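Have the viewer open while you read.

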Amino acid sequence: MNKRKVSASSEPEPRLHRVSQYLERNFPDFFAEARFQVGDDDYFLYARFGQYLARSIEQRRVSRDKIARGFTVLNKMARISARDPGVRRMLVSGPLEYLVDAPKARALARKRLSPIAQGYMESLCE
């Protein structure tokens, strides 16, 4: 029984591991700085990523390709969140919250996010 609790608590981390690898590959500067500031805390990593993505869209600081890859990160999280409530909470109260608060980012998110992620985002707008 104790083993089951250990495996259940460590389950979300491997699921986000692939998303984190994608984030690190496509946003190496952001990833290095964020990991330095927040350590291994995935909640704060992805919340900061949402803030970074929203700010980048609002200020037009990164290329369209980079923005598309940013939405890929969020869509990957949304796919995982369908099976994992912890990842869903992380996605909704972190990155999506920042997108909702930024008008240009919110408009672009409505076009680029998967239906699952859009549903989560719309629930924040209500």
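**Pocket and rings at a glance**

The largest pocket holds about 230 Å³ of space. This is a predicted model, where local features need pLDDT of at least 70, side-chain atom pairs count only at pLDDT 80 or more, and totals for chains, interfaces and linings use all residues. Residues are numbered from 1 along each chain as its sequence is written, and side-chain values use heavy atoms, with hydrogens and water left out.

**The largest pocket**

- A pocket here is an open set of points on a 1 Å grid over the protein atoms alone, where a 1.4 Å probe fits, with protein on both sides within 12 Å along at least five of seven lines.
- Its volume is the space filled by probe spheres set on the points, which are joined across faces, edges and corners.
- The lining (residues with an atom within 4 Å of a point) is made of S56, I57, R60, V62, R64, I67, K104, L108 and R112.
- Two or more lining residues come from each of α4 (42-59), α5 (64-81) and α7 (103-112); helices are DSSP runs of H or I, at least four residues, numbered from the N terminus.
- The top contributor is α7, with 3 residues.
- By class, you get 4 nonpolar, 1 polar and 4 charged residues; Ala, Val, Leu, Ile, Met, Phe, Trp, Tyr, Cys and Pro count as nonpolar, Asp, Glu, Lys and Arg as charged, and the others, Gly among them, as polar.

**Aromatic pairs**

- Rings of Phe, Tyr and Trp (its six-membered ring) pair if their centres lie within 6.5 Å, and planes under 30 degrees apart count as stacked, over 60 as edge-to-face and the rest as tilted.
- F27 and Y52 are edge-to-face, because their ring planes sit at 85°, with the centres 6.0 Å apart.
- That pair joins distant parts of the chain, 25 residues apart: F27 is in the loop between α2 (12-26) and α3 (28-38), and Y52 is in helix α4.
- F27 is buried at 3% relative accessible area, and Y52 is buried at 19% (buried means under 20%, with a 1.4 Å probe and protein chains only).
- F30 and F49 also go edge-to-face, with centres 5.4 Å apart and planes at 65°.
- F30 lies in helix α3 and F49 in helix α4, so this pair ties together parts 19 residues apart in sequence.
- Both F30 and F49 are buried.
- Ring pairs join F27, F30, F49 and Y52 into a cluster.

**Charges over rings**

- A charge sits over a ring if NZ of Lys or CZ of Arg is within 6 Å of the ring centre and within 35 degrees of the ring normal.
- K66 lies over the face of F27, 4.9 Å from the ring centre.
- K76 has its charged end over the ring of Y22, 4.9 Å from the centre.

Key. Buried < 20%, exposed > 50% of the residue type's maximum accessible area, 1.4 Å probe, protein only.
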